[in-house]
Amino acid sequence: MSTLRFVLGDQLNRRIASLTDLDPETDAVLMVEVADEATYVRHHKQKIALIFSAMRHFARDLEAEGVRVDYVRLDDPLNTGSFTGELARAVESRRPDRVVVTEPGEWRVWDEMRRWGERLGVPVEIRSDNRFLCSRAEFDRWAEGQRSYRMEFFYREMRRRTGFLMDGDAPEGGRWNFDRENRKALPKRVSPPEPPRFEPDAITREVLDLVASRFDGHFGRLEPFRWPVTREAALGALQDFITHRLSSYGDFQDAMRAGSDFLFHSALSTSLNLGLLTAEEVCVAVERAYRDGVAPLNAAEGFVRQVIGWREYIRGVYWHRMPAYAATNALGAERRLPWFYWSGETQMNCLRDCIRSTAENAWAHHIQRLMVTGNFALVAGIRPSELEEWYLVVYADAYEWVELPNVHGMILWADGGVMGSKPYAASGAYINRMSDYCAGCRYDVRQRTGPDACPFNALYWDFVMRHEDRLRANGRMKLIYDALDRMSEGQRVDIRESARAFLLSDEMSPEPPPENVRPPLQPGLL
Ligand code: FAD
Ligand code: DLZ
Ligand code: SF4
């Protein structure tokens, strides 16, 4: 029986479900670079380069093994530009007995994939994505009957199931979660080591040229390009993290520092989400480092929680709730996304630095995504669909299965609390405590209202007042509403006026300034 095995651009693992029973004698692998995927949102230039380069390297390695690969390049004159069009062409020319594919990471593609068999007149087998430790069906069983979910309970189940950091039936160190230890600000004397840069080889250089010519108007800098594009390089990145950064990962997980883009984070998300690394192997490596005394428990547990907890939970929620999930807007947020999210041109130092790092690296660390760009959008009431598109475009690790629940649920609380018990709203005081941003800012973080006050402050309290009906009854918001109750009516009026003045200011305009003659989405000016 001849099988055509269709491998998508983020399924680059030799053990992916669609390749497990590959027979080089009878089978062929199909991989396609298509315009539809590169432009349905205008992805960051580095993200497109990363995916195309990693795809080409993966195809090369399969060919070296003796596997037949039908690899369609973006500039192939016969390329139809879509997954369905390219699969149809391959079925027409190869006439396989069946097509085998692994389920995709987006509902949009899944919906298309389910129709392939009927449309193309060939049996199509869609296999469960074995890059995840918890399958869609297993998550559905866990979530069944619950109106809202809590990551912490899911995480404990995953610890028991996988055995990571367990001491018999109990969690290693007697506690499931060491998050309390992981909230230190970064002392001035600590200099985080830079993660490795992987210099482009000939394959990557060719892709960089292609992206420069075809996607010049897309957001972000294309070079310097630093990302691992092969499994070998990704394993090197994992080892580098364990040797140089893991031991401080826990302590400084929530810290931020201007101009210091990676701190002690692993920067492994691009490799994990492409399939170059698996969740299991990174956790095995981190647990081994802990058991060998290379890293403390708060670091190892913090990392394992992100991977077998948050990452699997986020994906489970996505598939369990889609497609209805994306359509909710529980807080009725309708403001347009300000232009500065694309240009970086804002006087708010924290946002300027996070958007600069995003433009330069196609990456920002978690607390920047959560407490700066995300928190600002939450308290300013940005429309979920606009912010979701921004996050999907700008990060090299962004695919809808992971981007959407993080933005829609975790940040904007647009799901009304399905995923997280309370919105992650914070004033400037939080950013000041966890970073050095405020010292270099034109705004004053200690002022709550007035033209020089940190905009996060008035926007935060305005948010708390705006959503009082919905949030006051939430036990986790009690201290906040107690503080609001202590404010005088005059203070509340000042807050509302300050927030309103800022929201109407030029900073918040969704359009580029009229004198802006640069191509759109081009933050080379930063
Ligand atoms: P580390 O801090 O080293 O963490 C290790 C790994 O844990 C990450 O590589 C990642 O695979 C996983 N992880 C950690 N937190 C999460 C989370 N909340 N959801 C899923 N996985 C997690 N991550 C993405 O991979 N793609 C996205 O598009 C994405 N969008 C986000 C949007 C928002 C608003 C927020 C708050 C978070 C988002 N995250 C996303 C999660 C997280 O910010 C990134 O995974 C992390 O910054 C990647 O850097 P790292 O590999 O150094 O992570
Ligand atoms: C993101 C992306 C891009 C930019 N280009 C391609 C591509 O040309 N070919 C491909 O197979 N995959 C690409 N991808 C990743 C897909 O968008 C991804 O597989 C789906 O969104 C499902 O996760
Ligand atoms: Fe950001 Fe406010 Fe601090 Fe400026 S003062 S860096 S706007 S938190």
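1. A friendly place to start is alanine 170, which counts as partly exposed because its relative accessibility is 34%. On this scale, buried means under 20% relative accessible area, exposed over 50%, and partly exposed in between, with a 1.4 Å probe and protein chains only. Alanine 170 sits in strand β7 (residues 170-171). From C-alpha to C-alpha, alanine 170 and arginine 189 are 37 Å apart in space and 19 residues apart in sequence.

2. Please keep in mind that this is a predicted model, where local features need pLDDT of at least 70 and side-chain atom pairs count only at pLDDT 80 or more, while totals for chains, interfaces and linings use all residues. Residues are numbered from 1 along each chain as its sequence is written, chains are lettered from A and ligands numbered from 1 in the order in which they are written, and side-chain values use heavy atoms, leaving out hydrogens and water.

3. Next, the sheet. Five strands form an open sheet in the order β3-β2-β1-β4-β5, with parallel pairing. At its edges are β3 (68-72) and β5 (124-127), each of which pairs on one side only. Strands here are DSSP runs of E with at least two residues, helices are runs of H or I with at least four, and both are numbered from the N terminus. Two strands pair if DSSP finds at least two bridges between them. Strand β2 (residues 28-32) runs parallel to β3 and is joined to it by five bridges; alanine 28 has arginine 68 in β3 as its bridge partner.

4. Two cis peptide bonds deserve a look. One joins glutamate 223 and proline 224, with omega about 5°, and proline 224 lies in the loop between α8 (202-214) and α9 (231-244). Another joins methionine 322 and proline 323, also with omega about 5°; proline 323 lies in the loop between α13 (297-321) and α14 (340-343).

5. Most residues other than glycine have a negative phi. Arginine 95, however, has a positive phi of about 50°. Its place is the loop between α3 (83-94) and β4 (98-102), and at 58% relative accessibility arginine 95 counts as exposed. Leucine 263 has a positive phi of about 45° and is found in the loop between α10 (246-249) and α11 (269-274). With a relative accessible area of 3%, leucine 263 is buried.

6. Finally, ligand 3. The residues around it, with a heavy atom within 4 Å, include Met348, Asn349, Cys350, Tyr437 and Phe456. Helices α15 (349-361) and α19 (428-434) each supply at least two residues of this shell.
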